[in-house]
Amino acid sequence: MTTRTPLMAGNWKMNLNHLEAIAHVQKLAFALADKDYDAVEVAVLPPFTDLRSVQTLVDGDKLKIKYGAQDISAHESGAYTGEISGAMLAKLKCTYVAVGHSERRQYHNESDELCNAKVKAAYQNGLTPILCVGEGLDVRKAGNQVAHTLAQLDGGLKDVPAEQAESIVIAYEPVWAIGTGEVATPEDAQEVCGAIRGRLAELYSQELADKVRIQYGGSVKSGNVAAIMAQPDVDGALVGGAALDSDEFVKIVRFRDQ
Ligand SMILES: O=C(CO)COP(=O)(O)O
């Protein structure tokens with residue numbers, strides 16, 4: 001089996017302005033050592049308005065921390081007021097971009113078709129998408145979490161060739177566990193993350209599926225991260241609230257010590 005480097009990514013959502021972002025990334029950089037980066041890839045997804053500041057800091061201080069955006073336009077350029085293109089994110093040297101976060105799906109009615117177009121826009125511009133999938137509480141209560149999540153995966157990856165899909169990151173985020181303090185059990189996370197890997201093997205190949213990193217997201221904290229990371233198909237975490245506290249995020253990066 002391929003060894004997958006865990007990816008711990010902080011999704012700041014609509015928090016931290018560009019000055020706070022600089023202070024926060026400086027704290028992370030100060031705390032994290034080479035041995036942390038050897039074991040784990042560390043990334044932050046700040047708001048768009050912070051990205052230039054984060055880029056300047058990362059470039060200037062040659063930091064190993066990666067960064068990316070929380071969303072991308074499906075369009076290349078033009079009359080799309082308020083949108084940010086993949087080319088703009090690439091120019092800021094973003095590595096990652098989240099696509100289809102449940103808050104985008106819920107508050108901005110993003111469909112699987114739109115997420116698919118955004119995944120393609122990301123690859124078009126050399127960015128790595130973190131495709132977010134996951135069920136709401138009603139679906140979970142009905143026991144349909146696997147079918148629901150795999151349908152989102154199929155939709156997001158439609159006509160995405162293997163050469164691109166092999167670098168994708170999938171974030172399984174059960175909506176009922178986001179920001180609620182209600183963390184999925186490690187077994188819940190493994191059930192769906194394992195099914196995602198199985199579907200990737202069906203859609204592409206076992207070899208590709210073994211390469212793809214699958215994150216869990218939803219109320220991840222230093223106190224629960226180790227048990228979740230112990231699951232065979234969980235390769236990292238997409239962290240919301242706990243990523244806003246630099247000490248807590250560093251502990252999450254050091255999940256092996258928890
Ligand atoms: O949505 C999330 C990350 O993208 C998870 O948020 P919380 O960690 O705040 O539950």
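Author: The buried residues of helix α6 are C115, N116, K118, V119, A121, A122 and Y123, where buried means under 20% relative accessible area, exposed means over 50%, and partly exposed lies in between (1.4 Å probe, protein chains only). The model is a predicted one, in which local features need pLDDT of at least 70 and side-chain atom pairs count only at pLDDT 80 or more, while totals for chains, interfaces and linings use all residues. Residues are numbered from 1 along each chain as its sequence is written, and side-chain values use heavy atoms, with hydrogens and water left out. Helices (H or I, at least four residues) and strands (E, at least two) are DSSP runs, numbered from the N terminus.

From its first C-alpha to its last, α6 reaches 18 Å with its 13 residues, close to the 18 Å expected at 1.5 Å a residue; the expected span is 1.5 Å times one less than the number of residues in the helix. An α-helix has 3.6 residues a turn, so residues three or four places apart point the same way. The cover over the buried residues of α6 includes β4 (96–99), α5, β5, α8 and α9 (162–165), with contact taken to mean heavy atoms within 4.5 Å. Just after α6 comes G126, whose phi is positive, at about 75°.

One of the elements covering α6 is α8, and this helix can be followed in turn. For the 12 residues of α8 (residues 145–156), the span should be 16 Å at 1.5 Å a residue, and the end C-alpha atoms are 17 Å apart, which agrees. Within α8 the buried residues are Q145, T149, L150, Q152, L153, G155 and G156, and they pack against α5 (102–107), α6 (112–124), β5 (128–133), α7 (137–141), β6 (169–172) and α10.

That list leads on to α10 (residues 186–203), whose 18 residues should span 26 Å at 1.5 Å a residue, in agreement with the 25 Å between its end C-alpha atoms. Its buried residues are P186, A189, Q190, V192, C193, A195, I196, R197, L200 and A201.

Around these helices stands a protein with 13 helices and eight strands. Its radius of gyration is 17 Å, close to the 18 Å that the globule rule gives for 258 residues, so the protein is as compact as a globular protein of that length; the radius is taken over C-alpha atoms, and the rule is 2.2 Å times the number of residues to the power 0.38. The C-alpha trace spans about 50 × 45 × 35 Å along its principal axes, and 53% of the 258 residues count as buried. Among contacts between residues at least 6 apart in sequence, 75% join residues at least 24 apart.

At 40% relative accessibility K251 counts as partly exposed, whereas V250, at 7%, counts as buried. V250, with neighbours within four places set aside, is in contact with L28, A31 and L32.

The loop between β8 (236–239) and α13 contains A243, which is buried, with a relative accessible area of 0%. Leaving aside neighbours within four places in sequence, A243 is in contact with G10, N11, W12, H24 and F249.

Most residues other than glycine have a negative phi, and most peptide bonds are trans. L16, in the loop between β1 (7–11) and α1 (18–31), has a positive phi near 70° and is partly exposed, with a relative accessible area of 21%. K62, found in the loop between α3 (51–60) and β3 (66–69), also is not a glycine and has a positive phi of about 50°; K62 is exposed, with a relative accessible area of 73%.
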